[in-house]
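Hi everyone, thanks for making time this morning.

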Amino acid sequence: MNKETDIEWMRYAFGLAARAAQADEVPVGAIVIQDDTVIGEGWNRPISTNDPTAHAEIVAMRAAAQRLGNYRLTGTTLYVTLEPCLMCAGAMMHARIGRLVFGAYDRKRGAVNSTAHAFDTQGLNHQLEVCGGVLEPDCADRLRRFFAARRG
């Protein structure tokens, strides 16, 4: 992928993050791309669905797996506006996501580059390419404004 394509798809995920914010959920959006086509999309929904696993990445991967009729999502790229947590990173490994592109780093819960390096765990039988920091200022600002308003 090239940088312009990554920015374009991250903008799409950024738009989905707005839907989460409208529902008073943490504003994170995610999409799964295969062959330059969105095959799954999602935004954070754990509060509205009473489901602790309904993170944007999980919602997008579930939609993609349903569309493909296969839980293996090989050859796909997942775009998400915030660095994935440990649960989401593990799900990406199980789904065999080919590439992860994320926006803001999560210094408290990010399990890819920040608090943990989940994809560097010994014994994993799958490797994926990771690109972090795409539209990071925009993604981080949206999260900062969301939490400031909640504290406000």
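Let's begin with a term: a nonpolar core is a set of buried Ala, Val, Leu, Ile, Met, Phe, Trp, Tyr and Cys residues joined through side-chain atoms within 4.5 Å. Buried here means under 20% relative accessible area, exposed means over 50%, and partly exposed is in between, with a 1.4 Å probe and protein chains only. What you have is a predicted model, where local features need pLDDT of at least 70 and side-chain atom pairs count only at pLDDT 80 or more, while totals for chains, interfaces and linings use all residues. Residues are numbered from 1 along each chain as its sequence is written, and side-chain values use heavy atoms, leaving out hydrogens and water.

Now, the core. The largest one holds 46 residues, and those touching the most other members are Met10, Met61, Leu78, Met92, Ile97, Leu100 and Phe119. Among the elements that each supply at least two residues are helix 1 (3-22), helix 4 (86-95) and helix 5 (136-151); helices (H or I, at least four residues) and strands (E, at least two) are DSSP runs, numbered from the N terminus.

Which residues does methionine 92 touch, leaving aside those up to four places away in sequence? Taking contact as heavy atoms within 4.5 Å, they are Glu57, Met61, Leu78, Pro84, Ile97, Leu100 and Phe119.

On to the rings. Phe, Tyr and Trp rings (for Trp, the six-membered one) pair if their centres lie within 6.5 Å, with planes under 30 degrees apart called stacked, over 60 edge-to-face, and the rest tilted. That rule gives 3 aromatic pairs. One of them joins phenylalanine 102 and tyrosine 105, edge-to-face, at 5.0 Å centre to centre and 80° between the planes. Phenylalanine 102 counts as buried because its relative accessibility is 0%, whereas tyrosine 105, at 27%, is partly exposed.

Finally, two backbone spots worth a look. Aspartate 35, in the loop between strand 1 and strand 2, has a positive phi of about 50° although it is not a glycine. Arginine 96 sits in the loop between helix 4 and strand 4, and its phi, near 65°, is also positive in a residue other than glycine. Buried or exposed: which is aspartate 35? With 68% relative accessibility, aspartate 35 counts as exposed, while arginine 96 is buried, with a relative accessible area of 17%.
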